[in-house]
There are 2 protein chains.
Amino acid sequence: MVLDRLKQLAQQVTNSVSPPHPFDPLSSLEIETATSLVRAEHGSLFYNAVTLDEPKKADMLAWLADPDHTPRPHRIADVVAIGRGSKVFDGLVDLDERKIIQWKETPGVQPLITMEDLQVVEHICRQDPKVIEQCGIIGIPRQDMDKVYCDPWTIGYDERFGSGIRLQQALMYYRPHVDDNQYGFPLDFCPIFDADKQEIIHIDVPKERRPVNQAPASNYHPTAVKNSGGYRTDLKPINITQPEGVSFKVSGRIIEWQNWSVHVGFNYREGIVLNNITYFDRAENKVRPIFYRLSLAEMVVPYGNPEHPHHRKHAFDLGEYGGGYMTNSLALGCDCKGSIHYIDANLVNRAGAATTIKNAICIHEEDAGILFKHTDFRDDSVVVTRARKLIVSHVFTAANYEYCVYWIFHQDGTVQLEIKLTGILNTYPMNPGEDTKGWGTQVYPGVNAHNHQHLFCLRVDPNIDGPNNTVFQSDAAQGPGDVGSVENKYGNAFYAKRKRYTNPVESISDYDGQSTRTWEICNEDKLNPYSHKPVSYKLVSREVPKLLPKEGGLVWKRAGFSRHAVHVTKYNDNQIHPAGRHVPQTSGDPARGLPEWIAANPNENIAKADIVLWHTFGIVHFPSPEDFPVMPAEPMTLLLRPRNFFTSNPALDVPPSFAKTPSEVLAGKRGYDSNKDKASVLV
Amino acid sequence: MVLDRLKQLAQQVTNSVSPPHPFDPLSSLEIETATSLVRAEHGSLFYNAVTLDEPKKADMLAWLADPDHTPRPHRIADVVAIGRGSKVFDGLVDLDERKIIQWKETPGVQPLITMEDLQVVEHICRQDPKVIEQCGIIGIPRQDMDKVYCDPWTIGYDERFGSGIRLQQALMYYRPHVDDNQYGFPLDFCPIFDADKQEIIHIDVPKERRPVNQAPASNYHPTAVKNSGGYRTDLKPINITQPEGVSFKVSGRIIEWQNWSVHVGFNYREGIVLNNITYFDRAENKVRPIFYRLSLAEMVVPYGNPEHPHHRKHAFDLGEYGGGYMTNSLALGCDCKGSIHYIDANLVNRAGAATTIKNAICIHEEDAGILFKHTDFRDDSVVVTRARKLIVSHVFTAANYEYCVYWIFHQDGTVQLEIKLTGILNTYPMNPGEDTKGWGTQVYPGVNAHNHQHLFCLRVDPNIDGPNNTVFQSDAAQGPGDVGSVENKYGNAFYAKRKRYTNPVESISDYDGQSTRTWEICNEDKLNPYSHKPVSYKLVSREVPKLLPKEGGLVWKRAGFSRHAVHVTKYNDNQIHPAGRHVPQTSGDPARGLPEWIAANPNENIAKADIVLWHTFGIVHFPSPEDFPVMPAEPMTLLLRPRNFFTSNPALDVPPSFAKTPSEVLAGKRGYDSNKDKASVLV
Ligand SMILES: [Co+2]
Ligand SMILES: [Co+2]
């Protein structure tokens, strides 16, 4: 039976008309081919992840350079499966060869928690006598156990339980009514769930008990709004239309727009992955590579309350749950407005079947205001040109929070990453008059929202006119010479002080707000013909708090990537996940991922080398009542800007809205206005 | 004759149907009434500025609180006029009483340079024998003097000439053709223009001469683009329409939108001024004051090349030229897209007549993506609500640069200030092979663009639930206790470390990127009922470089406001301009404006007091070829966010695009989608 299915799938793969691009995520067919092959050989397992094992970079660069005369990289599935006794298997399946090329049990690790893993915990909590007992203590009678909910989190790491047993911590809530916002009714105890035994093995109970909140529900659903006065009625529609169609072209998963070309990938873990980002440079009359790969590779959300067991609240949302797995199916006219191209995401379920998130990725254009403008004050001769941007986005729900991730391409060669935080605060109960001790804020009566950081790790695999790049740290610095000296008489001298990173240890660096530090990813072998400086892309990132959990503490150990704003490493095909491949229940002794890689090769050459830049950025969130019951989106952003990369503004040939030269002004001519927007009106 | 005109104007004022709002800028009629009154008494003068002398705050707050029973503040014109011998007169004209209530000669100051002041210099340069001689030396023959241009700047300060004579420095350029971009042909010498004598009194000539650039013109006008391959043709239109009209109401200059109310003023100096910003809080069922006044009050653009005379390049674009005077007349469908409400600006000319900038201020709405969203991972019950923003903007041209200023109101109570820099770099010639010494970048052959900062001073006059406010500095800080200690076992404790400013000296503070420092403007007499923290607005600003010119140097002395990120002072009706009322040719000995005010009252109480917060922010600009010949807009932004001001997200009643509750999911119901956008399409 299994073999029949396998043959059938193999047949379908063979019959596919055009083969997938080597960067394409696995199709449903490929996922099921992989699980069928594994099943045939290893029997019944739970599938944790089946995703594209991306081609070796060397193979891929060769293929991209000359696809017609280079062997096409094989389609390989990276499989994580779990057997009885929480045994973890890591394997690779060659889909072209239809065989398992690697299979091993990996001891002492816990792969991420899938949505299916999460779903089961609440059911078990409701029936567990110890949980029922705790609910009783804080005022929830046994017959109301169906009103008890939990957000199961990975346990993170708890030294009492170690890494051997697959565990979750259940953050408990209550809903008087099924539609009530549970985060207004947090419960004070925390059951520990053993995924292997499928039972609650322990409950963390605080010394000071906090009865279930008696305040009215803090809801934001339509009925609640209607009951408190209804929706505002003074918001008139804004329509955004593209009557002649969109300006981007879609070929498979390659998007071409305004000289840009980018392959839009997706995986269960990082969500959107952008590959082979290039720009057609009109001046050089060629396609220039810029980034081999961009992704959000990891994140950590440490909470700042030191009282037990809140230290365990430091979710690695990507490594412990998967930004892809948690991705929303987006809705036209709701999440997305305008002329929208969607791409679905194919994932695997526990049983090994393919599942699909419809409309996982949204691709669309937006007007972006003024691209450039200059008026001559003498005669009002002018050029004004409007900007457009292309946005590739997804939204994922990490239990209470939502993260909206926007990869934005600009006409001037800039790539922007914008992240908006919305959703609901993680909450904990507080008794009337209880002191938050500064670790949190009462955002609603009885509801304590703890301080936390949202720290993201952007992985930049640059390809600035080729794979061999160098990173420079650049600080705005005062020039030498005191005020009054010959060299700096008026004290105004300043310059960009640059530090060249030659090995990973040198590259470990923090943000400096005073010098507005940036990092330049350069190709030192290619100088800009005008500036004689290396062609480069500059990382401009201003939301870069330090990691607040202390050195040597749990978060510091586990989230090694977040200790500093920037790390640069030599490229390695196996280094994608900066907190390690399997994140849950890592102790941080030793730290996995980035610190481990750097410790292994601290003096490796990273100058004029194939490198990866890891950038940790984010915000510190001290909650306030405005964030409740649902948080208005809080934006943060960073830019990757071309500097000395082009010989001029690369968007000069974007048609202006209006242009009039001095001679036209003088001659009373009308000027150029063929691209003036005709839909605009005066009101 | 003069008196006839005066009577006629007085008559018109009397006949006006509705009196202007006390915050309204002077009308054309009011401007001409003021100049007629001055002319009648003081004869022929050149008018430098005639602007609203804003009502005393005490009077105005009384009137706003009860307009029907409070004397309406008089309309008063603030007049700056210049007589023969560069004599400067400062006066006040009561327009209601039709009399001059203050008039004095102010010795030793130079008021700002108007566009008319600028326009004359180029003509004189072209005819000046010494300028003609210098042009000849660098290769421009006498017969080509009509191809020589200059951007006249205030001299800033030059100790050789002092403050007594009204001077400009002429930054020289050449245009082979009248339509050529002159910034590709900078000249190496700098004439000094005496505005009183109307002649060139000196020329600064560098030791090393630089012949006029021989590189081809670097143009961006339509003909140039056509000659180099033409405009791109793959950009399809995006139409933004509001078929049912806009969501804001305009009553005179008061704009009401989404619970916000704001009076939009304008003056020659700051450009847009926002007054009496309030928010209707549905929870408190009342209008709550937030800011009495917001404006960009000053800016300085210090250049970093210490070679003489480049130290003089540090334009105070607002104080030395006027952001209002330099404001562009905006064009529908070009600068502004969508459904646009324009407001004109009335200013005075040199002769004392009113002039009008049509469409000086643009007011419009934009979609702003997701306002908030939350999905329950259990059942995909969801609320997703889209955001709207209201933007009040103007664009001004400061010689080579353009500044696009966007005051943005959000539905969640946030006020955002976004500034985009575009236009053209200030340039200086360089010889082939010349070393920029790190003070600049060759952005085009023969063209050196010097390092510079753009530092803006935001003036925040808060009114957070009343005029008595306190500023706290807030830093994200690690909690006490080493890792392993009882109080901080896992090292994760962190909190918001707050410092209360009680006097101006304490308030002098810099940005700290590591702690992501913010400043909270609080009303300590009103605590949020949930958080028990003072109601506040928080300044979130991340582009805050330090002032790079050195302490004691020219820029440091003249631009005292820019020495630190934040200063807080006691409110004073006369303290609007942080670099002083008359900025050109101030020596900085002593520093005018902010340092002067603080020095005069260093220990004045600013806690629970009527205060003003001055915030300096901006960017450091190391030019690159991408910025030439015209710069793609570079954005910077800051937020004023409500924290502990509301008792919940104040935008909960914005109609969602889609909402479905758990019970609706369970019952298979459709959910709420009445506000789904119907114009969106799949592509
Ligand atoms: Co948060
Ligand atoms: Co600049």
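This is a predicted model: local features need pLDDT of at least 70, side-chain atom pairs count only at pLDDT 80 or more; totals for chains, interfaces and linings use all residues.
How many of the 13 residues of strand 31 of chain A are buried?

Residues are numbered from 1 along each chain as its sequence is written, chains are lettered from A and ligands numbered from 1 in the order in which they are written, and side-chain values use heavy atoms, with hydrogens and water left out.

Now to strand 31 of chain A, residues 631-643. Eleven of its 13 residues are buried, where buried means under 20% relative accessible area, exposed over 50%, and partly exposed in between, with a 1.4 Å probe and protein chains only. Strands here are DSSP runs of E, at least two residues long, and helices are runs of H or I, at least four residues long, both numbered from the N terminus. Two strands pair if DSSP finds at least two bridges between them. Strand 31 of chain A pairs in the antiparallel sense with strand 20 of chain A, residues 415-423, over eight bridges; within that strand 31, A:Thr637 is the bridge partner of A:Glu418. Strand 31 of chain A also pairs, again antiparallel, with strand 28 of chain A, residues 534-541, over six bridges, and there A:Leu640 stands opposite A:Leu539.

I turn to the metal sites. In chain A, the cobalt ion (ligand 1) is coordinated by A:Tyr401 through OH, A:His452 and A:His454 through NE2, and A:His621 through ND1, at 1.8 to 2.0 Å. Donors are N, O and S atoms within 2.8 Å of the metal, or 3.2 Å for Na, K and Ca; water is not among the atoms, so sites may look incomplete. Along the sequence, the spacing of these donor residues is Y-x50-H-x1-H-x166-H. A:Tyr401 belongs to strand 19 of chain A (residues 401-410) and A:His452 to strand 24 of chain A (residues 452-462), so the pair ties together parts 51 residues apart in sequence. Both A:Tyr401 and A:His452 are buried.

In chain B, the donors of the cobalt ion (ligand 2) are B:Tyr401 (OH), B:His452 (NE2), B:His454 (NE2) and B:His621 (ND1), at 1.8 to 2.1 Å. Why is this arrangement irregular? The four donor atoms subtend angles of 88 to 137° around the cobalt ion (ligand 2), which makes it so. Four donors count as tetrahedral if all angles lie between 85 and 135 degrees; four count as square planar and six as octahedral if opposite donors are over 155 degrees apart and all others between 65 and 115; anything else is irregular. Both B:Tyr401 and B:His452 are buried.

Next, the cysteines. A disulfide is taken as a pair of cysteine sulfur atoms within 2.5 Å, and by this rule there are zero disulfides over all chains. The closest cysteine sulfur to that of A:Cys150 is in A:Cys125, at 4.2 Å, too far for a bond. A:Cys150 is buried, with a relative accessible area of 1%.

Finally, chain B has an open sheet of four strands in the order 1-2-3-4, with antiparallel pairing. Its edge strands are strand 1 (46-52) and strand 4 (99-105) of chain B, each pairing on one side only. Strand 1 of chain B pairs with strand 2 of chain B, residues 76-83, over six bridges, and B:Val50 stands opposite B:Val79.
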